[in-house]
Amino acid sequence: MIRFLLRRFVTMLVTLLIISALVFLIIKLPPGDFLSNQIAELRAQGEADAVAKAEFLIKQYGLDKPAWEQYLVWLGVMPGQNGFSGLLQGDWGWSFEYDRPVFEVVGDALWLTLLVNIAVVIFIHLVSIPIAIYSATRQYSVGDYIATFIGYLGLATPSFLLALILLYYSNRWFGISIGGLFDARFAGQPWSWAKFQSLLAHLIVPTLVIGLAGTAAMIRRMRANLLDELGKQYYVTAKAKGLPPGRALLKYPFRMSLNPFIADIGNLLPHLVSGSVLVSLVLSLPTVGPILLSALKSQDQFLAGFILMFVAILTVFGMLVSDLLLAWLDPRIRMGGGR
Amino acid sequence: MRYRGVTGSHPEEFMEKPLLSIRDLAVDFETETGRFRAVDGLSFDIPKGKTVALVGESGSGKSVTAQAILQILSKKAHIAAGTITFNDPERADSIEIAALTPDSTDMRALRGGRISMIFQEPMTSLSPLHTIGDQISEALVIHQQVSQEEALERTKEVLARVGFPDPRRALRTYPFELSGGLRQRAMIAMALITRPALLIADEPTTALDVTTQAQILDLIKELQAETGMSVLLITHDLGVVANVADEVVVMYRGRVMESGPREVIFRHAQHPYLQALMRAVPRFAMAENERLTPIREVKSATLETAHKPERTEPKGPILKAENLTKCFTLRSGWFSGRIRKIHAVNGVSLALPVGKTLGLVGESGCGKTTVSKMIMRAMEPDTGQVLFDDGTGPRNVHELEGDALKDYRRSVQFIFQDPFSSLNPRMTVYEILTEPLIIHGIGDSDMRYHRAKELLDMVGLDRRALRRYPHSFSGGQRQRLGIARALALEPRVLICDEPVSALDVSVQAQVLNLLKDLQAALDLSYLFVSHNLAVVDYIADTIAVMCRGYIVEQAPKTSLFRNPVHPYTQALLAAVPDPDIDRPLDFAKLRADRFSHPDQWPEPFRLQEGEAGVMKEIEPGHQIRLGQLSVKEAA
């Protein structure tokens, strides 16, 4: 077990290292960078003070150095202007666009993103698992067809469109604005009970909008998995034992059909952060998605780099969690040989 | 066939009521093509404490009957008519099962409580995610008011009773950690923990090796004597029936063809179907050159006129394996990283003469498939070589390259065990049969078309089948398609890996006869791998018996069955149930499970760990493997 974990950690680290190099390479691929673009602009406008500051920042962050040197400094394995200060030391760099440390720019947004998306994941599972069980056990019944139809409808509707429609009608019918994650009056305020309530109220629409698309896909997959398992012999054995139908279903075929979803956790985690960008833009949610988009557009390299690295770490970590969970839940994986 | 009523006023009706009596039972399936009656007016009784065998081919409605008794029919099926009356000895009144709804509390109390069932495939019948302790104790917890500890205690007792060596440990093991035999024992424990009045066993031993089969049948018999339960045994194997049944019910297409006590059924079979079924089963006591009579004979249209291909035949054996050895390394578990070495094949030498059949017999896991794979060159041996002689002298198969290798591939073809998974469901018969020709670039499309039709004629299938897909054929027809495909390239050698073990007895005879006819007509040589000794006895000329990667005995068919010398061969022979009630199984002899461990064989056969022993010829062509120790003593 310990040997296995050690091996996994070493491969995880190597993977992350390669990803970091790729991330940096891709950000650096387009010519120029945020500051030199800005300097060009400022020169054109003849603002000497700002130019001087920008040039100071270029020196400070070594943007005049070759790309590989910048990468090593960013990583924290090569001394920069302030000695060793990079990702490894916990210094996530400076966002030029916001003129603040990356940590401050991303901090709140990161937690709100996780909050929104965890709510979405819970919503998806709460809605789709019962529906999937219903339509799998009553295959080709009217209820199955209705669930399937609604599922396809949800799958085919673009989320941002649904968000726009909801935005419009909730304003017209109820006179409320559902954009953002809390009322405008709470912006910049410290956390309070009223702010929390406002947050919960504003969570409903994004959860619904982002969740519906996922729910449809989840119902279809869960139903197909469950249908496979329902035909298996061990389910007949369970019934022949005299188990009540509900218990027989949940203990045996349902448990078996969960495996693919546990294996999916690795993909789910990064999706929590980088997914649903369009909906976030439409609903003006203060989440990471829009920030990443603008950072990539304006070549705000440390901000973009940090967010991408964060997603990568979540992916790799998610894979580990799902592997461990699978091994814990499925004795065949736990004890089976490496065939 | 009608039974007298059970509740009439005749004096003999004061006799004990049967445990279960089925009257005029009909089960309908709703299919896309309309209603289909799988069981049609079935009537029979299961007396208390007796074993009733329900016999028939697949599709005869045996399993559907069992499912109807437990009300676990699939959603498409329902009981259309008839009664199933259960006279539980623990209750005064009788229960009318057919009138209960499947999910009712009364039905659930019967299911698994008073009537239990075990299934054919012990691997898939148990959930792989739950320990067997959990699954067995669950049955008790559902039906009786017991605490969790009490249930586990009872589970341990019943596991010990069905023969688990370490019941405490067994509670925490998962099904995939167990051998097939132990899994079936766990199933039996699960069925019997509630002490049911009736056990329904649906092909309980079909998926098991002969020696394991004998042990499981023995166990069921013992438990029956202990608890006084009745057993409904569903099987297609008349050998099993002859050994364990008290009464026999023969089914065909949902109806009873014949029923009665075992003695009567086996000695005076009346119905032509039953007589035909008995003639279709290979037996040991068959006369030389006696032919099996399949229930539905298939005539090969062109075989009589088929000519042997013109080719130079080798002087010696066409295929020879010399001293083949293969080791596998297993990692035992993800997390431990320990490595185990398994000797799958240990110094195996075989010789296959032209136009003859060499039978390779052994239980699952003995290495016979590994040997056939190395001969196919699908796997490299660690040591030893395979020699193939196409008339130009023997050449090492594993050193062939280019055209020589292609020729070898043409000359040696394979017939697989499972006719369902070995044919691509998305290819038509025409595509399946001509694919080998296309791969080897033989002929143009006209020639291939004619060849495909010729092949269908050879295996006795209709020429019009060319445009159809495999799913529209039955198991036996598919296996004949597999044979036709193997013949497409005019091979010299066919390697048949358990070609009939997935087939029904009636179809098995068809395929075996076809293989025999093809051999005679085309001068083919067969390597016939099987675990069924009676089948090998019917088709092979020379037989090699394998155990734990060793060939322990090799002899011409007649001398092997007349004079089996090695203890393992003797045990294998003793474990085959013969459909002849005068030759019952000797259960006591098979109870000692020592014959498959080389270090527990008696001297001079004993092999120590890692020891290879030597083959010694005791009469012409008859060789046995002896331990090193005895050889040294003799020297």
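1. Two residues are in contact here if their C-beta atoms, placed from the backbone, lie within 7 Å. With that in hand, in chain A the contacts with a separation of 6 or more come to 66% from residues 24 or more positions apart. Please keep in mind that this is a predicted model, in which local features need pLDDT of at least 70 and side-chain atom pairs count only at pLDDT 80 or more, while totals for chains, interfaces and linings use all residues. Residues are numbered from 1 along each chain as its sequence is written, and chains are lettered from A and ligands numbered from 1 in the order in which they are written.

2. Next, chain A as a whole. Its secondary structure comes to 16 helices and 2 strands, both taken as DSSP runs numbered from the N terminus (helices: H or I, at least four residues; strands: E, at least two). The C-alpha trace of chain A spans about 85 × 60 × 35 Å along its principal axes. Of the 339 residues in chain A, 31% are buried. A residue is called buried if 20 or more other C-beta atoms lie within 10 Å of its own, exposed if 12 or fewer, and partly exposed in between, with C-beta atoms placed from the backbone.

3. A:Ala147, A:Gly151 and A:Gly154 are buried in H6(A). These residues share one side of H6(A) because they cover an arc of only 65° around the axis, the arc being that of the directions from the helix axis to the C-beta atoms. Their cover includes helix H5 (102-137) and helix H8 (193-230) of chain A. The other side of H6(A) has A:Val142, A:Tyr145, A:Ile146, A:Phe149, A:Leu153 and A:Ala156 exposed.

4. Now for the contact between the chains: 25 residues come from chain A and 31 residues from chain B. On the side of chain A that touches chain B, at least two residues each are supplied by helix H1 (2-28), helix H9 (233-240), helix H10 (245-257) and helix H16 (331-335) of chain A. H9(A) gives the most to that side, with 6 residues. By class, this side of chain A has 13 nonpolar, 5 polar and 7 charged residues. Ala, Val, Leu, Ile, Met, Phe, Trp, Tyr, Cys and Pro count as nonpolar, Asp, Glu, Lys and Arg as charged, and the others, Gly among them, as polar.

5. In chain B, 6 strands form an open sheet with mixed pairing, in the order S6-S7-S8-S3-S9-S10. Strands S6 (115-118) and S10 (255-261) of chain B are the edge strands, each pairing on one side only; two strands pair if DSSP finds at least two bridges between them. Within chain B, strand S3 (residues 51-55) and strand S9 (residues 247-252) run parallel and are joined by 4 bridges. B:Val52 stands opposite B:Glu247 in S9(B).

6. Two backbone angles deserve a glance. Most residues other than glycine have a negative phi. A:Asp99, not a glycine, has a positive phi of about 60°, and lies in the loop between strand S1 (94-95) and strand S2 (100-101) of chain A. A:Asp99 counts as exposed because it has 10 C-beta neighbours inside 10 Å. B:Glu490, also not a glycine, has a positive phi of about 50°. B:Glu490 is in the loop between helix H16 (475-487) and strand S17 (493-497) of chain B, and counts as partly exposed, with 15 C-beta neighbours inside 10 Å.
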